[in-house]
Amino acid sequence: MFLSSFFISLLATAYLIPKILLISIRKHLIDQPNARKVHTCVSSRLGGVAFFPAIFFAIGVTVSVFSRFDTNVMENFMTASFIMVMCACVLLYLIGIADDVVGVSWRIKFVFQIMAAGLVTLSGTWVNNLYGICGIWEISAWVGVPLTIFLIVFVINAVNLIDGIDGLASGLSCVALLFLGILFLYEGKETSSLLAFTTLGALIPFFYYNVFGIAKKRYKIFMGDTGSLTLGYILVFLAIRYASYNPDVAHYSAGAIVVAFSTLIVPMFDVVRVMIVRARSHRSLFKPDRNHIHHKFLDMGMSAHKAMISIV
């Protein structure tokens, strides 16, 4: 079932991206180079438009087909948390498209991110245990729910900000999705594992066009905010899902929150480091600059591809 959904998602994205490239060129929905950006040729910024439809289509087809052979499949997948994740992805997908096409203020994007984060907590999924970090174990919903909303918004923006050179955000996400998918599969959490592997399938064709596409021939594409918001949300949901305390599963006593969020350490650490540097320099925390980890690798003389491979 996991392989079926993976390949359906992969094929759907591989079909959609060339169509999106064609529409982007005809409608002039392209990303213009500037002083902060690494690329020097105009490229489509709507690659992320393919992510959510491909993921939703692949999971829908897979679950529907397999439920014909096993009546428990539909019941296992149509859970409150899974439905809420899909609803939240719709919110972020719509605001992402609006931002990529016409531009949206950061305040409106934050509102939508908080709304999307709140939907997950309403389904009963939130960080309820810190597993001894700072001497803290089980925490109440009054603390866990705001912490969960903060983590979701933080990771969404971390993934968005790490998307600075070809293949970096998608490459790091592929690594995280692969490990989270394997962890969930090992623990028998089929719904979360299916979401991880399906999202991984959607990223592979995009990674090819993003890294190996030729900009001068208009084959280059970026994920844009549509992709980074959706991708960041799915990643942090899976991490929180794995970290949520469950006394019936043995591994949850061994620091599941550290295991889960270690898959996202690069974008999370990069945002914290950049914010500290900006604060020490008395600069705006939200003003863009060339101080991210990929900029440091480029300043050392590495090419964009070498920097991406080294960081991943």
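Student: What does R290 count as at 33% relative accessibility?

Tutor: R290 counts as partly exposed, a class lying between buried (under 20% relative accessible area) and exposed (over 50%), with a 1.4 Å probe and protein chains only as cover. This is a predicted model, in which local features need pLDDT of at least 70 and side-chain atom pairs 80 or more, whereas totals for chains, interfaces and linings use all residues. Residues are numbered from 1 along each chain, and side-chain values use heavy atoms, without hydrogens or water.

Student: Which residue does R290 meet in a salt bridge?

Tutor: Side chains of opposite charge can pair when their charged atoms come close. Here R290 pairs with D299 at 3.4 Å, N to O (the cut-off is a Lys or Arg side-chain nitrogen within 4 Å of an Asp or Glu carboxyl oxygen), and D299 is exposed, at 52%.

Student: How many salt bridges does the whole structure hold?

Tutor: A search finds four. One of them joins D225 to K109, with the closest N and O atoms 2.8 Å apart; because D225 lies in helix α9 and K109 in helix α5 (residues 106–122), the pair ties together parts 116 residues apart in sequence. Helices are DSSP runs of H or I, at least four residues, numbered from the N terminus. D225 is buried at 11%, as is K109 at 15%, and D99 is linked with both in a network of salt bridges.

Student: Where do D270 and R273 lie?

Tutor: Both lie in helix α11 (residues 265–280), three residues apart, about one turn of the helix, and their side chains meet at 3.2 Å, N to O. D270 is buried at 2%, while R273 is partly exposed at 21%.

Methods. Helices (H or I, at least four residues) and strands (E, at least two) are DSSP runs, numbered from the N terminus.
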